[in-house]
Amino acid sequence: MTTNPGPKMSPLPPPPGGDLSRAGEVYTFTWIMLINLAVAIMWTVYAGKGYARHMFYLKPPQLSHAGELNAISRSLCVLGIGIGKVSVAFLIERFAGPSKWRKYLLRSISISILVSALLTVILFYAQCQPVQALWDKSLLKAGKAKCWDPVPLATYVFTPKT
């Protein structure tokens with residue numbers, strides 16, 4: 001019985017720019033996997049504690065803890081989506097071949113996506129002082145916390161411009 005030596009390597013040199021490093025893809029994909037693993041663990045804990053039920057059936061301390069886990073997982077999801085888009089940009093850059101304008105375009109879009117994701121997370125946590133008021137509404141009712149008015153943000157995000 002003969003053994004198969006495997007695929008033969010091409011005797012031709014790689015095309016110009018065709019032997020690109022995959023480090024960007026690998027690093028961003030690794031971060032996505034770690035973030036998604038953290039979110040999966042949080043959601044497992046969330047459901048295991050019974051927080052996936054309707055809020056009518058939860059007691060106030062359960063509501064507070066459910067809101068905290070929800071806020072943290074929401075932030076991780078926003079970052080995961082942003083990093084995922086950057087990873088796809090690296091993939092497109094590698095598949096499409098070397099082109100200065102495409103490289104600058106994809107990288108500038110990637111930077112703007114990451115900045116947008118980071119600003120979203122930062123502003124999410126900055127909107128209430130102390131931050132616990134995001135998930136513990138009793139602090140707002142007792143007057144121990146202040147939050148930004150949500151109407152301008154909701155109006156900006158959900159209202160079409162005319």
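Helix α1 (residues 23–48) packs against helix α2 (residues 60–96) at an angle of about 160°, and their axes lie 8 Å apart. Axes here are lines fitted to C-alpha atoms, for helices over the stretch in contact, and angles run from 0 to 180 degrees between N-to-C directions. The two helices, α1 and α2, are therefore roughly antiparallel to each other, a term for angles over 145 degrees. The crossing of α1 and α2 is left-handed, that is, the near helix is turned anticlockwise from the far one by less than a right angle.

This is a predicted model, in which local features need pLDDT of at least 70 and side-chain atom pairs count only at pLDDT 80 or more, while totals for chains, interfaces and linings use all residues. Residues are numbered from 1 along each chain as its sequence is written, and side-chain values use heavy atoms, with hydrogens and water left out.

The chain holds five helices and two strands, and from the N terminus on its elements run α-α-α-β-α-β-α. Helices (H or I, at least four residues) and strands (E, at least two) are DSSP runs, numbered from the N terminus. Of the 162 residues in the chain, 23% are buried. Buried means under 20% relative accessible area, exposed over 50%, and partly exposed in between (1.4 Å probe, protein chains only).

Serine 73 is in helix α2 and touches Val39, Met42 and Trp43, not counting residues up to four places away in sequence. Serine 73 and alanine 38 are 35 residues apart in sequence, yet 8.2 Å apart in space, C-alpha to C-alpha. Serine 75, also placed in helix α2, is in contact with Val121, Phe124 and Tyr125 when neighbours within four places in sequence are left aside.

Phenylalanine 124 in turn touches Ala71, Arg74, Ser75 and Leu134, again without residues up to four places away in sequence. The largest nonpolar core has eight residues in all: Ala71, Phe124, Cys128, Ala133, Leu134, Trp135, Leu139 and Ala145. A second, separate core of six residues includes Met42, Leu58, Ala66 and Leu69. A nonpolar core is a set of buried Ala, Val, Leu, Ile, Met, Phe, Trp, Tyr and Cys residues joined through side-chain atoms within 4.5 Å.

A search of the whole structure finds one disulfide, meaning a pair of cysteine sulfur atoms within 2.5 Å. Cysteine 128 and cysteine 147 form this disulfide, with their sulfur atoms 1.9 Å apart. The link of cysteine 128 and cysteine 147 is right-handed, with 115° about the S-S bond. Cysteine 128 lies in strand β1 (residues 128–129) and cysteine 147 in strand β2 (residues 146–147), so the pair ties together parts that are 19 residues apart in sequence.

| Residue | Relative accessible area | Class |
|---|---|---|
| Serine 73 | 4% | buried |
| Serine 75 | 7% | buried |
| Cysteine 77 | 26% | partly exposed |
| Cysteine 128 | 3% | buried |
| Cysteine 147 | 29% | partly exposed |

The peptide bond from glutamine 129 to proline 130 is cis, with omega near -5°. Most peptide bonds are trans. Proline 130 is placed in the loop between β1 and α4 (137–141).

Among contacts in the chain between residues at least 6 apart in sequence, 57% join residues at least 24 apart.

Note on methods
Contact = heavy atoms within 4.5 Å. Parallel < 35°, antiparallel > 145°, perpendicular 65-115°, else oblique.
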